[in-house]
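Good morning, everyone. Please have a look at the model on the screen, and then we will walk through it together.

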Amino acid sequence: MQRIGLLGGTFDPPHVGHLWLAETAREQLMLDEVVFLPVGLPPHKEGKAITAVSHRLAMLQLALADSPFALNTLDVQRQPPHTTVTLLPLLRQQYGPEAAFWWLIGADSLRNLPTWVQPQQILTQCRLGVLPRPGVEIEWSALETAVPGVRALVDWLDGPTLAISATTVRQWARAGHSLRYLLPAAVWHYVRDHALYRRES
Ligand code: ATP
């Protein structure tokens with residue numbers, strides 16, 4: 001049985017927090033493959049300014065170039081809505097009935113699970129690999145009420161946690177600061193060369 005980790009995200013930009021989530025999951029869940037799945041237009045970010053998918057894909061390719069992780073562009077290539085619940089059956093077709101799926105998320109995403117489209121349906125298709133995120137507490141009774149059975153499907157990942165998010169990276173850049181070491185080196189160069197996340201953009 002193949003053990004597959006699925007890491008969906010906006011990756012605007014991809015940062016060390018994403019790679020660390022993937023690495024802890026790869027090691028601790030003994031995954032055969034970790035697949036990064038850039039989202040086309042995430043439903044929860046509709047109406048927000050998101051960097052063009054061409055830039056996000058280019059940055060992700062650079063971030064993953066020397067990594068053990070794979071890139072799957074299925075979601076950006078399909079028609080909206082780009083929901084996890086409809087993406088999972090497509091991934092099932094790709095990987096076959098035997099593969100075991102873990103959807104890899106940070107604790108903030110677990111906390112927000114009730115706001116996802118059909119969370120209960122998602123949980124019939126995968127387990128969740130969750131890395132704690134500093135400052136994020138899970139209110140289990142509320143979460144269980146909203147999404148019954150979720151707790152039993154969570155595999156917590158252990159190890160150091162990172163407070164970095166793409167939002168703070170963008171804010172830090174707009175304030176004119178350096179992003180060196182917050183991003184994989186090649187991504188940092190790309191952001192600089194394409195003047196992304198600048199004050200005037
Ligand atoms: P934004 O700040 O724009 O919402 P983000 O940094 O949370 O972005 P996404 O691309 O939206 O990144 O996230 C993809 C997944 O990676 C989410 O489940 C998110 O919780 C997780 N993730 C991102 N950064 C971290 C981190 N530092 N620790 C743990 N999980 C993380």
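Six strands form an open sheet, in the order 3-2-1-4-5-6, and their pairing is parallel. Strands here are DSSP runs of E with at least two residues, helices are runs of H or I with at least four, and both are numbered from the N terminus. Two strands pair if DSSP finds at least two bridges between them. In general, strands of a sheet pair through backbone hydrogen bonds, either parallel or antiparallel.

A word on the source. This is a predicted model: local features need pLDDT of at least 70, side-chain atom pairs count only at pLDDT 80 or more, and totals for chains, interfaces and linings use all residues. Residues are numbered from 1 along each chain as its sequence is written, and side-chain values use heavy atoms, leaving out hydrogens and water.

Which strands stand at the edges? Strand 3 (70-71) and strand 6 (154-156) do. Each has a single partner strand, so one side of each is left without a neighbour in the sheet.

Now strand 1. Five of its seven residues are buried, so strand 1 is largely enclosed by the rest of the structure. Buried means under 20% relative accessible area, exposed means over 50%, and partly exposed is in between, with a 1.4 Å probe and protein chains only. Strand 1 runs parallel to strand 2, joined by six bridges. Four bridges join strand 1 to strand 4, also in parallel. Look at L6. It stands opposite V35 in strand 2, and opposite W103 in strand 4.

W103 leads us on to strand 5. W103 stands opposite L128 there. Strand 4 and strand 5 (residues 127-131) pair in the parallel sense over five bridges. Four of the five residues of strand 5 are buried, so strand 5 is largely enclosed by the rest of the structure. Three bridges join strand 5 to strand 6, running parallel. In that pairing, G129 stands opposite D155.

Next, the crossovers. Strand 1, helix 1 (residues 16-28) and strand 2 make a right-handed β-α-β unit. Strand 5, helix 7 (residues 140-146) and strand 6 make a right-handed one too. Right-handed means that, with the strands pointing away from the viewer, the path from the first strand over the helix to the second runs clockwise.

On to helix 4. Which of its residues are buried? They are T84, V85, L87, L88, L91 and Y95. Seen down the helix axis, they fall within an arc of 145°, so they line one face of helix 4. That arc is taken from the directions from the helix axis to the C-beta atoms. The buried residues pack against several elements, including strand 1 (3-9), strand 2 (33-38) and strand 4 (100-106). Contact means heavy atoms within 4.5 Å. Just after helix 4, G96 takes a positive phi of about 90°.

Is S165 buried or exposed? S165 is buried, with a relative accessible area of 14%. It lies in the loop between strand 6 and helix 8 (166-174). S165 touches H15 and R133, not counting residues up to four places away in sequence. Q121 has its place in helix 6. At 40% relative accessibility, Q121 counts as partly exposed.
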